[in-house]
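Dear colleague,

I am passing on the structure below, and I would be glad if you could look through it alongside these notes.

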Amino acid sequence: MSSPRSSSLLAWPATSSSRARRPAASPAERRRVRLRRKLKENLTAYGLLCAALLVFAMFSWYPIVRGVLLSFQQVDFVNAPTWVGFDNFSRLFDDPLFGVAWRNTLLFTGLALVFGFAVPFLTAVLLNEIRHAKAFFRLAVYLPVMLPPVVTALMWKWFYDPGPGLFNSALGAVGLPGGQWLDSSTTAMLSLVFVSTWANMGSTTLIYLAALGTIPGELYEAAELDGAGMWQRLRHVTFPQTRFVLLVLLLLQIVATMQVFTEPYVMTGGGPDDSTVTVLLLLYRYAFVYNDFGSASAMSLLLFIALGVFSAWYVRLTRKADQS
Amino acid sequence: MSSPWSRSLPRRMFCLLAAGGLALGVAACGDDGNAAAPGGKVKITVTGQPPTSQPFERGVFDADVKEFEASHPNIQIEPHEGFMDPKTFSAKLAGGQLEDVYYVYFTDPAQIIARHQAADITEASKSVPHIGDLKPELLDNFRDASGKLYGLPTMNYTMGLVYSRPLFQKAGLDPNKPPTTWDEVREDAKKISALGNGTVGYADYSKNNQGGWHMTSWLYSMGGDIARKDGEKWVADFDNEKGKQALQYLHDMRWTDNSMGAKQLLEATDVQRMMGAGQLGMYMAAPDNIPTLVKQFNGKYEDYGVAGMPGGQGTLLGGEGYMLNPKASPEKIKAGLEWIQWKYLNPDRFEKHIQQYVDGKQPVGLPAEPTPDVWQGAVRDQQLALKAKFANVPATNYQSYVDTTSKIKGSIEPPNAQQVYAALDSVMQAVLTDQNANIDQQLSSASSKVNGVLAQVK
């Protein structure tokens, strides 16, 4: 005799007579029936999921797989691709700009972390302390994010213009000498980092603000009662409470800044003297100037591997730190 | 009790249709457009239709399409707006969307041929009228090492020196006697920049491969070269006295004379803007820059002059042409060649074409549009006579250029030009942005980069 629970799993409609005539279902059969019923109930969901998977497969995963294959092929888009093994990679390693591009990208990432990580955090802390016109200040900080990146780059190009540019005019007005900004290989990269920080800090600041908003006010009150100053409140309350957000944003920022393209492409074209050629800019040249899609794909695969390894290492490290 | 099947059927159908629609959409993207036009006509897609923002040029093009179709009832033209966009070229080719007749700059045919991305027209072109009247060096730009032909040149320029006549006058210089040597350019640039108020004597490019392009022109003007053939291989040929001399001129004008302005990393549009604003005395360019300056900056043809290339030992010879899709059928290739010849390489239409420009109040008499200088022999003479007859711009402003180009050697761009230019950009940038740039070291480093690029030339 089947139990009430098992009877509910049998095929519908089930009558007491059929129940009586049927032998008890085996556990394997019960599992099958349960699965079939679940499938029926969720058919619409599976249909939608399939469509979404199809779109992802076509527009996300297929290009990634194709890109990996292209790294080992020579293509002209007329004849069938030919396999060339690691030729595309060795061509990249032979290019003197390859090392320069990686060095410049790491320099940009390092500088972007110094400014792009610290400045938004400090801005968020300050905004959190503001009592009046909060909305105005938040909007003011977020405004640059709303500008299209190319517009931002062109606007800053004029700011940096060593002739009649905004910065040099302002410096000249107070009797100070102007800078070469983008026109000097020593300052060009730093100038790009400022643009990138200015353009992107709004989003990061808002995320920090949201994280700061989740810190219970009692913690600060308790700290103040214990006589903690601003720095101590920051160190013992703010940092530990926002640690997770800080770590995630650090990872995201490194991944994003390693892929810097718009600023060097629009503002310097990689110059002066190759001082702002980045990995993505070189990749772009291989693809759309040299029309060598094999080498461009090889370069993107290398970047993908580098960022993947770094992300895995970082996640592992933070998990270990959490456990300890 | 209703079954879940009946309720979810429309939604499931929607999902399936959506998926099917996507699949069909992707399949449609792969359409190679090789279908024949109705009525047994051969339908060809062509690039080169000017954008609507250039109403005169667009009007001429569209009228030509109509006239061609009327005189060639077996061919239907589907014009596509735009010229060469390297960013989309390969994607269009891969997706079967590349036009049957497509536009190219002189920098690109060598690579396109090496990648088999153009149709071999060696045989088909034998029946093209007047092909023997084209300058052979321009046709060579579309040939591979074995002499097979893959395209036709339709426009040609040689580099010269564009200058502002009002600024020459203001600086006490004679605009009818532009500089003929680099020493004179340097002296004139000093005088023009001495006018102050942000005026720049001479400007040059150093960004987006245009620096390398101009460095090549500098080298040619001094009798130097960028690359030479060493047996079967191409090797860099600028790490020498000529290369040093060219860069030293630039360095001295930038840093000793301060006649090149503080702002560098310039490209064509920046320099044209400076010239259009009346802030620049001279820059290296071809005469086709003049209409751009006049139209975009509301200038006057009388205000600009074009001098021959200073140095007088050589000049860079560039241009554009059309190639054919390697996937096009022989009928389409034949029709495409008929279109190119009729539209661009047709001495029988010289006068009509020039008249269109005169009627549209467009410049006639410049050593460029409306009939480019791709001809030799009697056809060239016929063209020059017609342009002189209908000239509506001051031809004397370009006399120095015309006199010089007929005398000096014109050299085409090096193989794998865009990659070579990318490597040379950094040399121009170094000299123009770093007062203490080590020219020897820059040349040596660029030479090894360019040798790497040239090693890939097939």
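A salt bridge is taken here as a side-chain nitrogen of Lys or Arg within 4 Å of a carboxyl oxygen of Asp or Glu. By that rule the side chains of K263(B) and D161(A) form a salt bridge, at 3.3 Å from N to O, and the count between chain B and chain A is 2 salt bridges.

Before going further, please note that this is a predicted model, in which local features need pLDDT of at least 70 and side-chain atom pairs count only at pLDDT 80 or more, whereas totals for chains, interfaces and linings use all residues. Residues are numbered from 1 along each chain as its sequence is written, chains are lettered from A and ligands numbered from 1 in the order in which they are written, and side-chain values use heavy atoms, with hydrogens and water left out.

The interface

Counting a contact as heavy atoms within 4.5 Å, 41 residues of chain B are in contact with 39 residues of chain A. The buried area between the two chains (the accessible area, with a 1.4 Å probe, that two parts lose on being put together, summed over both) is about 3,500 Å², and carbon and sulfur atoms give 59% of that. On the side of chain B, K87(B), R115(B) and L265(B) lose the most area to chain A, together 14% of what that side buries.

The core

A nonpolar core is a set of buried Ala, Val, Leu, Ile, Met, Phe, Trp, Tyr and Cys residues joined through side-chain atoms within 4.5 Å, where buried means under 20% relative accessible area, exposed over 50% and partly exposed in between (1.4 Å probe, protein chains only). The largest such core has 84 residues, of which I44(B), L152(B), M323(B), W339(B) and I340(B) touch the most other members. Apart from it lies another core, of 51 residues, including A246(B) and L454(B).

Backbone details

In chain A, a cis peptide bond joins G271(A) and P272(A), with omega about -10°. P272(A) sits in the loop between α13 (262-268) and α14 (279-289) of chain A, helices (H or I, at least four residues) and strands (E, at least two) being DSSP runs numbered from the N terminus. In chain B, N258(B) has a positive phi of about 55° although it is not a glycine, and its place is in the loop between α9 (241-256) and α10 (268-276) of chain B.

With best wishes
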